[in-house]
Amino acid sequence: MSVYPHPPGGEGTDRRGVLVSFEGISGIGKSHLTRLVAQHLDGPLVVEEFSGRRQRGDLGSRIVSALAEAAGADRFLRGGCPASETLLLLAVQLHTFETIRVPLHTGRTVLEGRSLHSVAVYQAAALHPHDDAAALAQAHALMTEATAWRPAPDVTVLLTDHVDRALARAEQRDGRPIGADERAVHERCARLFEELTAGDSRVRRLDRAAQPDPQAAAGLIADWITTARPLPWPAPALEGVPA
């Protein structure tokens with residue numbers, strides 16, 4: 001059963017904004033590029049990636065805070081119960097969509113950090129730590145399940161780079177080194193991102209190594225967004241839905 005189906009037509013669909021997600025491993029530049037892209041657009045709503053939402057006090061941030069507490073210092077929010085953690089992270093993604101649905105349907109572009117693809121990739125890797133084929137199949141299954149509850153983004157920007165370069169940026173940002181186990185997870189997830197998104201017309205890839213100028217990269221991404229043609233969704237009931 002699909003909670004948010006995607007049939008054509010429906011009240012308000014002609015004014016819907018574009019939903020954009022930024023995906024990729026840690027240190028790839030998602031947050032920095034999102035801020036730069038926002039400067040090229042007309043008043044977009046920027047939703048930071050869920051790891052940065054812990055202080056908001058809403059349902060999504062409370063779930064993330066509980067996961068972080070259970071995981072201790074683990075960067076991947078691994079607390080030893082990967083199936084439960086996966087379902088909770090999918091719930092965070094559904095909560096995010098419920099909070100942005102009305103702005104989208106009133107024509108506002110929404111830039112979302114770390115959306116469904118990140119949950120599918122990193123949780124598939126956690127559920128199948130030693131079997132790449134099973135992890136890829138699991139990632140596809142998680143995307144199918146997630147998009148029965150909320151739509152996939154209209155445009156997914158997959159950022160890539162040399163893994164060592166991205167992780168060096170992450171270490172500098174966080175002020176602590178990335179261990180060998182963490183590095184292996186990121187390397188594996190970089191491959192999973194590529195495999196999961198292969199053939200998906202809504203995914204646009206940007207190689208930071210080939211496009212090192214952040215301003216030029218932001219301009220290119222903004223062009224992708226402004227020329228996107230989002231599929232219509234049923235309009236939400238505005239009463240009682242957070243804007």
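**Note on helix packing, salt bridges and backbone geometry**

1. Leu-77 counts as buried, at 9% relative accessibility. In this predicted model, Leu-77 sits in the loop between helix 2 and helix 3. Leu-77 has a positive phi of about 60 degrees although it is not a glycine. Most residues other than glycine have a negative phi.

2. Arg-114, which is not a glycine, has a positive phi of about 50 degrees. Its place is the loop between strand 3 (110-113) and helix 4. At 9% relative accessibility, Arg-114 counts as buried.

3. The next point concerns the packing of helix 3 and helix 4. Their axes are 10 Å apart and the packing angle is about 180 degrees. Because angles over 145 degrees count as roughly antiparallel, helix 3 and helix 4 are roughly antiparallel to each other. On the side of helix 3, the contact is made by Pro-82, Ala-83, Glu-85, Thr-86, Leu-89, Leu-90 and Gln-93. Helix 4 contributes Leu-116, Val-119, Gln-123, Ala-126 and Leu-127. By class, the residues of this contact divide into eight nonpolar, three polar and one charged.

4. Helix 3 (residues 82-105) also holds Ala-91. Ala-91 is partly exposed, with a relative accessible area of 32%. Gly-60 is 31 residues from Ala-91 in sequence, yet the two C-alpha atoms are 7.7 Å apart in space.

5. Helix 4 (residues 116-127) also packs against helix 7 (residues 180-197), at an angle of about 125 degrees and with the axes 9 Å apart. That angle makes helix 4 oblique to helix 7. The crossing of helix 4 past helix 7 is right-handed. His-117, Ser-118, Ala-120, Val-121, Tyr-122 and Ala-125 form the helix 4 side of the contact. The helix 7 side consists of Val-185, His-186, Arg-188, Cys-189, Leu-192, Phe-193, Leu-196 and Thr-197. Taken by class, the contact of helix 4 with helix 7 has nine nonpolar, four polar and one charged residues.

6. Arg-188, listed above in the contact with helix 4, also forms a salt bridge with Asp-132, with the closest N and O atoms 2.6 Å apart. Arg-188 lies in helix 7 and Asp-132 in helix 5, so the pair ties together parts that are 56 residues apart in sequence. The two partners fall into separate accessibility classes: Arg-188 is buried, with a relative accessible area of 10%, whereas Asp-132 is partly exposed, at 41%.

7. Side chains of opposite charge can pair when their charged atoms come close. A search of the whole structure finds 13 salt bridges. Among them is the pair of Arg-16 and Asp-154, whose closest N and O atoms are 2.9 Å apart. This pair links distant parts of the chain, 138 residues apart. Arg-16 belongs to the segment before strand 1 (19-23), and Asp-154 to the loop between helix 5 (132-146) and strand 4 (155-160). Arg-16 counts as buried at 8% relative accessibility, and Asp-154 is likewise buried, with a relative accessible area of 11%.

8. The side chains of Glu-182 and Arg-75 meet in a salt bridge, at 2.9 Å from N to O. Glu-182 lies in helix 7 and Arg-75 in the loop between helix 2 (59-71) and helix 3, so that the pair links distant parts of the chain, 107 residues apart. Glu-182 is buried, with a relative accessible area of 12%, while Arg-75 is partly exposed, at 22%. The pair is part of a network of salt bridges that links Arg-75, Arg-173, Asp-174 and Glu-182.

9. Two places deserve attention when the model is inspected. One is the loop between helix 2 and helix 3, which holds Leu-77 and also Arg-75. The other is helix 7, where Arg-188 pairs with Asp-132 of helix 5 and where Glu-182 is linked in the salt-bridge network.

How values were computed
Residues are numbered from 1 along each chain as its sequence is written. This is a predicted model: local features need pLDDT of at least 70, side-chain atom pairs count only at pLDDT 80 or more; totals for chains, interfaces and linings use all residues. Side-chain values use heavy atoms; hydrogens and water are left out. Axes are lines fitted to C-alpha atoms, for helices over the stretch in contact, and angles run from 0 to 180 degrees between N-to-C directions. Helices (H or I, at least four residues) and strands (E, at least two) are DSSP runs, numbered from the N terminus. Angles under 35 degrees count as roughly parallel, over 145 as roughly antiparallel, 65 to 115 as roughly perpendicular and the rest as oblique. A crossing is left-handed if the near helix is turned anticlockwise from the far one by less than a right angle, and right-handed if clockwise. Contact means heavy atoms within 4.5 Å. Ala, Val, Leu, Ile, Met, Phe, Trp, Tyr, Cys and Pro count as nonpolar, Asp, Glu, Lys and Arg as charged, and the others, Gly among them, as polar. Buried means under 20% relative accessible area, exposed over 50%, partly exposed in between (1.4 Å probe, protein chains only). A salt bridge is a side-chain nitrogen of Lys or Arg within 4 Å of a carboxyl oxygen of Asp or Glu.
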